[in-house]
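Here are my notes on the model, point by point. Please read them with the structure open.

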Amino acid sequence: MASKHHQAARGAAARDIRSRQGLEYRAVLDAAVDAIIVIDHAGIIQEFSRAAQQVFGYAPEDIVGCNVNTLMPEPYASEHDGYLHRYITSRDPHIIGVGREVRARRKDGSVFPCDLAVGQVEGLDPPRFIGFIRDITARKEAEEQLRRSEAELRLAQELANLGNYVIHVGNGTPDYFSPQLHRILGVQPGDETVTREEFLERWVHPNDRKRVALEFARMGAGKSALDIEYQVVLRDGTHKHLHHLSQAVFGPDGNVQKYVGTVHDITDRRHAEDEARVLQERLTHFSRLSTMGEM
């Protein structure tokens, strides 16, 4: 009798453990931020988390028992069962254990981008699989907006003949030079970086070199931002007039962390000003000759 009593107690304890484990398992599914879907070896949905309900718009009673390809647009829907069968028979991890970006389909038919990771539940035969889905619609929209903004900025810089840069000092962060700045200075993105010393000694026109070096030093000492026009001689011998604006950014220790600047190619404007000045001088000269003739 005592043995039967102990066996019954052990059975009750085991059932209690399984019940608690089931509750904990359900709590984990419902607390997860990412959508979690459990499927069997045939691709039939067994569990559908609360986040999955919010992402896909299905209630559990509407989707549990359906093939998981219901949640997929083409061509994923048609290909999924084949991937699953191939993995089970050959262990070829086309999807299982490999995270990737895919597209999924909501109940209303709308398709959205998501990050998908699928893992196999160990120790079960036939096997079960757990999928983790993260809706990345907001991230993709932000990336697309950033791409559009960058494209618009590049176009605006090209139209204004304006380039910009960020040069970091001593922290190993890569410097940034805009495509238009490369075009203004006649260099390629992969070319060797030009140091400030080399820029002053070899690029800045000798007539402007001392003045530019003084303004660079004032900026580096925090005395003033850089706002200067000067002439440069490019590697191919081309002369250009630049309007250079720059600001030093200092860290808590008082040292320069980076330089942020804009370079405007004003060569055409300076040439137009020179031509206008020459024309004005000629008009003044002709005016004087005319006055002398009248006298």
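1. Start with Q231. This residue sits in strand β8, residues 226–233. Helices (H or I, at least four residues) and strands (E, at least two) are DSSP runs, numbered from the N terminus. Q231 is buried, at 17% relative accessible area. Buried means under 20% relative accessible area, exposed over 50%, and partly exposed in between, with a 1.4 Å probe and protein chains only.

2. A word on the source. This is a predicted model, in which local features need pLDDT of at least 70 and side-chain atom pairs count only at pLDDT 80 or more, while totals for chains, interfaces and linings use all residues. Residues are numbered from 1 along each chain as its sequence is written, and side-chain values use heavy atoms, with hydrogens and water left out.

3. What does the side chain of Q231 join through a polar contact? The partner is the side chain of H239, at 3.0 Å. A polar contact is a pair of N or O atoms within 3.5 Å; within protein, one must be able to donate a hydrogen and the other to accept it, and residues adjacent in sequence count only if both atoms are side-chain atoms. Leaving aside neighbours within four places in sequence, Q231 is in contact (heavy atoms within 4.5 Å) with W203, V204, H205, D208, H239, K240 and H241.

4. Y230 and F199 form an edge-to-face aromatic pair, 6.3 Å centre to centre with 80° between the planes. Rings of Phe, Tyr and Trp (its six-membered ring) pair if their centres lie within 6.5 Å; planes under 30 degrees apart count as stacked, over 60 as edge-to-face and the rest as tilted. F199 lies in helix α7 (residues 196–203) and Y230 in strand β8, so the pair ties together parts 31 residues apart in sequence.

5. Now the largest nonpolar core. It has 24 residues, and I37, I45, F48, F56 and L71 have the most contacts inside it. Such a core is a set of buried Ala, Val, Leu, Ile, Met, Phe, Trp, Tyr and Cys residues joined through side-chain atoms within 4.5 Å. Elements giving two or more residues include β1 (35–39), β2 (45–48), α2 (50–56) and α4 (76–90). The largest share, four residues, comes from β4. A second, separate core of 22 residues includes I184, V204, V212 and Y230.

6. I45 lies in strand β2 and is buried, at 1% relative accessibility. Beyond neighbours within four places in sequence, the contacts of I45 include I37, I63, V68 and L71.

7. F48, F56 and F112 form one aromatic cluster. Leaving aside neighbours within four places in sequence, F56 is in contact with residues including A35, I37, L71, A104 and I133.

8. Last, the chain overall. The secondary structure comes to nine helices and ten strands. Of the 295 residues, 28% count as buried. Residues 24 or more positions apart account for 42% of the contacts with a separation of 6 or more.
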